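Thanks for coming. Please have a look at the sequence and the model first.

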Amino acid sequence: MRIMITGGLGFIGSHLVRFLLREDPAMEIINVDVLSYAGNPANLADIETDPRYRWVRASIGDHDAVAAVLAAQSVDCIMNLAAESHVDRSILSGAPFVTTNVLGTQILLELARTYHVPRFVQVSTDEVYGSLGPEGWFAETSPLNPNSPYAATKAAADMLTLAAFRTYDQDVVITRCANNYGPYQFPEKLIPLFITNGLEGKPWPLYGDGLQVRDWLFVTDHVRGLWTVAQKGRPGQIYNIGGQNERSNRQVAEALCDRLGISRSVITRVADRLGHDRRYATDAQKITKELGWQPQVNWEAGLEQTVEWYREHEKWWRAIKSGEYRSYYARQYGTPGKDSPKR
Ligand code: NAD
Ligand code: DAU
């Protein structure tokens with residue numbers, strides 16, 4: 001089986017590539033990744049010489065580059081993870097989010113039809129449902145009500161994916177996952193930012209009152225869910241993936257202080273995120289009942305593994321945080337944004 005994964009040099013994509021290569025000796029992966037600031041070849045350093053793996057540096061928005069890949073080799077499935085993924089960055093400027101998350105997805109859908117790719121998996125997010133009050137959960141039937149520019153672009157991509165199913169009977173499935181955590185997460189997201197700030201002796205910026213709630217899922221459970229949906233999901237369907245593991249940001253911060261053995265006084269309240277969603281909680285009964293998926297890594301074990309990974313991989317995150325990564329990256333691959341391939 002040959003799978004095209006997009007965004008395979010990012011946090012979740014790199015776990016998915018590694019998982020699939022382990023899962024099936026006959027698996028071949030083509031990873032289409034433009035190498036944005038969030039992509040990092042070091043995330044897949046352990047498998048980069050595996051002959052079953054190939055990285056093509058291209059944007060999903062570059063029609064001709066992706067078409068060339070699909071014309072050269074047949075592909076059994078496209079799993080689209082490539083995205084601008086950080087809410088805070090989307091608040092600063094939404095334009096790159098529209099280009100990659102919306103236009104890029106549409107181009108991929110069209111190419112999947114042109115080249116008769118049998119299945120398309122759109123990796124979406126629970127943020128498309130908006131924000132919950134203290135009660136209830138997001139189900140696949142919940143209305144879309146995205147609040148941040150990031151979430152709005154992901155919702156638009158979901159709509160385009162469903163339009164392809166309804167208009168052309170294209171075989172598509174959509175996943176909407178809760179917040180992921182684990183090794184290789186870029187250290188601007190909550191958990192890796194706080195762990196690495198803790199290891200550097202820096203304060204932890206907790207937005208607003210810190211009582212916003214997220215449902216946290218260990219990244220390997222997410223990629224297993226993605227593969228379950230890719231193999232068994234019904235065409236045109238949406239599957240939530242979640243951990244039933246709700247924590248307020250303050251609870252997350254306190255749990256991390258305890259694991260790291262540092263004083264909770266590092267937690268520093270700062271101005272709130274604009275339009276900050278109050279609560280996400282995902283009802284994942286459909287994927288469990290229909291496809292037999294459920295989470296395997298509990299919060300305590302997942303957090304322990306994550307903290308240990310960042311302790312043991314200081315070189316990885318220090319390079320990114322210090323900017324050394326950016327200068328290495330510029331030497332090796334060109335300046336992101338400037339010398340990157342066409343978007
Ligand atoms: P990430 O930011 O860590 O990685 C994104 C990857 O996409 C990077 O390797 C980057 O180089 C690549 N990329 C960006 N623009 C591209 C383009 N135009 N063409 C090709 N590659 C491009 O993201 P992540 O956290 O791993 O998220 C992966 C996917 O999962 C995203 O679609 C995101 O919306 C979704 N998701 C993430 C979470 C989460 O908690 N992180 C939860 C649910 C869903
Ligand atoms: O729910 C799924 C989404 O989870 C994914 O679609 C996104 O790609 C992913 O980035 C994540 O979005 P969040 O905005 O929830 O993640 P983030 O790590 O940025 O923030 C988590 C919570 O922590 C959120 O309530 C904001 C808060 N926060 C975040 C940072 C970076 C802080 O309080 N301080 C911080 O410094």
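**Rings, ligands and spaces**

A search of the whole structure finds 13 aromatic pairs. To count as a pair, rings of Phe, Tyr and Trp (its six-membered ring) need centres within 6.5 Å; planes under 30 degrees apart are called stacked, over 60 edge-to-face, and the rest tilted. Take Phe194 and Trp204: their ring centres are 5.0 Å apart and their planes are at 25°, so this pair is stacked. The pair links distant parts of the chain, with Phe194 in helix 6 and Trp204 in strand 8, 10 residues apart. Helices (H or I, at least four residues) and strands (E, at least two) are DSSP runs numbered from the N terminus.

Before going on, a word on the model. It is a predicted one: local features need pLDDT of at least 70, side-chain atom pairs count only at pLDDT 80 or more, and totals for chains, interfaces and linings use all residues. Residues are numbered from 1 along each chain as its sequence is written, chains are lettered from A and ligands numbered from 1 in the order in which they are written, and side-chain values use heavy atoms, with hydrogens and water left out.

Now ligand 2. Which residues come nearest to ligand 2? Of the 23 around it, they are Asp126, Tyr150, Pro205, Arg273 and His276; a residue is near if one of its heavy atoms lies within 4 Å. Next, the polar contacts, meaning pairs of N or O atoms within 3.5 Å (within protein, one must be able to donate a hydrogen and the other to accept it, and residues adjacent in sequence count only if both atoms are side-chain atoms). Tyr150 has a polar side-chain atom 2.6 Å from an oxygen atom of ligand 2. A polar backbone atom of Leu190 is 2.8 Å from a ligand 2 oxygen, and for an N or O atom in the side chain of Arg214 the distance to a ligand 2 oxygen is 2.9 Å. On its own, ligand 2 has 690 Å² of accessible area, and the protein covers 94% of that. Accessible areas come from the Shrake-Rupley method with a 1.4 Å probe; for residues, only the protein chains shown count as cover.

Helix 6 (190–200) and strand 8 (204–207) each supply at least two residues of this shell. The largest share, three residues, comes from strand 8.

On to ligand 1. Of the 30 residues around ligand 1, Ile12, Asp33, Ser85, Tyr150 and Lys154 come nearest. Polar backbone atoms of Gly10 and Ile12 lie 2.9 Å and 2.8 Å from an oxygen atom of ligand 1. A polar side-chain atom of Ser85 is 2.7 Å from a ligand 1 oxygen. The protein covers 96% of the 840 Å² of accessible area that ligand 1 has on its own. Strand 5 gives the largest share of the shell around ligand 1, three residues.

On a 1 Å grid over the protein atoms alone, a cavity is a set of points where a 1.4 Å probe fits but cannot get out; lining residues have an atom within 4 Å of a point. Grid points are joined across faces, edges and corners, and a volume is the space filled by probe spheres set on the points. There are two cavities of 30 Å³ or more. The second largest cavity has a volume of about 60 Å³. Its lining includes Arg214, Arg273 and His276.

Terms used: On a 1 Å grid over the protein atoms alone, a cavity is a set of points where a 1.4 Å probe fits but cannot get out, and a pocket is an open set with protein on both sides within 12 Å along at least five of seven lines; lining residues have an atom within 4 Å of a point.
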